[in-house]
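Dear colleague,

Please find the structure below, handed over for your study. My notes on what was found in it follow.

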Amino acid sequence: MSMPSSPDPAKRVVLHVGTPKSGTTFLQRALWRHREVLDAAGVTCAGNRHFEMFHAAIELRGSYAFWGRTAEELEGTWQRLCDGARAYPGTTIMSHELLGAARREQVEQGMAALAGLDVHLVVTARDLGRQVASDWQERVKNGNPVTFEAFCANVGLERQNGFWRNQHLIGIFDRWARDLPPENVHLVVGPPPGAGPDVLWRRFGEAVGFDASAFDPTTEEPTANRTLGAVQVAVLRRVNEVLDGRIQQPAYSRVVKRVFAQSILAGQSSAPAQCPPQLVERLAEIATRQNRRITKRGYQVHGDLAELVPVPGSGPWIDPDAVDPAVESEAAIAAIAELLIERAAPEPEPDPGLVPTARRIGDRLRRRLARLRD
């Protein structure tokens, strides 16, 4: 029986598999912004366009319907990116937060396509108390009308549901890291509120293997996935209730999430939603237990594990489901006004050089129609 060949250390793949809302979008944008300079240092992002990794994650997860895609249009995307990593003489980063919740058989399929490469797993994580409010908001941004109370009740059960498949670190490691040596498994700890964005960026660079201090990660585009206040999430949740699924993906992401939520509602401000104090205590117990297991397994930790243990927020807790109706109405009316102003903006003038061409095409179409009528 022949022994399997050892991984090629020159062909290194970093699988960054989440968790969602742990700074993944920020890191991905920074990586793509500095792609050319990173390439000179022997580090690249998988694919030629940033959305290819998103498509590959959808294909591996089989979540076509939710994202408004078909299996046919995404077929072979994951394998193509893995083949690109095999051809690249350095480190390829394959990063998407959808991967963390992959089922075991999906993980096996994904890892099989990377056979023979030096695979490292990177998981970014924040304290679970902050993740609760962020995860709820992201679900609302993607069309879910769930109330904060119902969402938190589901989280408190600590069972196999959407939140825990994405956020339970031991579960993610059990699925993705079971065939990797501990030195190839990295946990990047998201810093607490108030830390500069360079902290997460430097920790991530340390895990991947490049000097992140040589790159500025802070020039993020204004259309990034910005956090909404509790009032604005309440408005969006009510909109989702009224829409009742009438705008499907990917149109929902393009129109409702990016334009209405991330451009218009994000321009307003209100206090953010916070995890209920009772749930914070429960999550602190879970995080402490997970930290002990991570230490025992010998994974590579970048940052302080203590920062993953949630602490109660300052000041009295405010129920995000009990927003003052008058304040909510004021925010909704202001958002509608901004949407109308944007809609009323004049269309850009056509390029004069294109007008004759357009006229010729129109003339040809009219002549063809005339011949058909004859």
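Which residues of the largest nonpolar core touch the most other members? Before the answer, a word on the source: this is a predicted model, in which local features need pLDDT of at least 70 and side-chain atom pairs count only at pLDDT 80 or more, while totals for chains, interfaces and linings use all residues. Residues are numbered from 1 along each chain as its sequence is written, and side-chain values use heavy atoms, with hydrogens and water left out.

**The cores**

The residues in question are L15, W78, M94, L121, F173, W176 and L187, in a core of 43 residues. A nonpolar core is a set of buried Ala, Val, Leu, Ile, Met, Phe, Trp, Tyr and Cys residues joined through side-chain atoms within 4.5 Å; buried means under 20% relative accessible area, exposed over 50% and partly exposed in between (1.4 Å probe, protein chains only). At least two residues each come from β1 (8-16), α3 (51-61), α5 (77-87), β4 (117-125), α10 (169-176) and β5 (185-189). Helices (H or I, at least four residues) and strands (E, at least two) are DSSP runs, numbered from the N terminus. The most is given by α3, with six residues. Apart from this core lies another, of 36 residues, among them V146, L243, A261 and C275.

**Two helix pairs**

The axes of α3 and α5 come within 8 Å and cross at roughly 125°. Axes are lines fitted to C-alpha atoms, for helices over the stretch in contact, and angles run from 0 to 180 degrees between N-to-C directions. The two helices α3 and α5 are therefore oblique to each other (under 35 degrees counts as roughly parallel, over 145 as roughly antiparallel, 65 to 115 as roughly perpendicular and the rest as oblique). In their contact (heavy atoms within 4.5 Å), α3 uses E52, M53, H55, A56, E59 and L60, and α5 uses T77, W78 and L81.

For α12 (residues 230-243) and α13 (residues 251-264), the axes come within 12 Å and cross at roughly 150°. These helices, α12 and α13, are therefore roughly antiparallel to each other. Their contact joins V235, L236, V239, N240 and L243 of α12 to Y252, V256, F260 and A261 of α13.

**An exposed loop residue**

A214 is found in the loop between α11 (197-208) and α12. Because its relative accessibility is 57%, A214 counts as exposed. A214 and R202 are twelve residues apart in sequence, and their C-alpha atoms are 9.5 Å apart in space.

Yours sincerely
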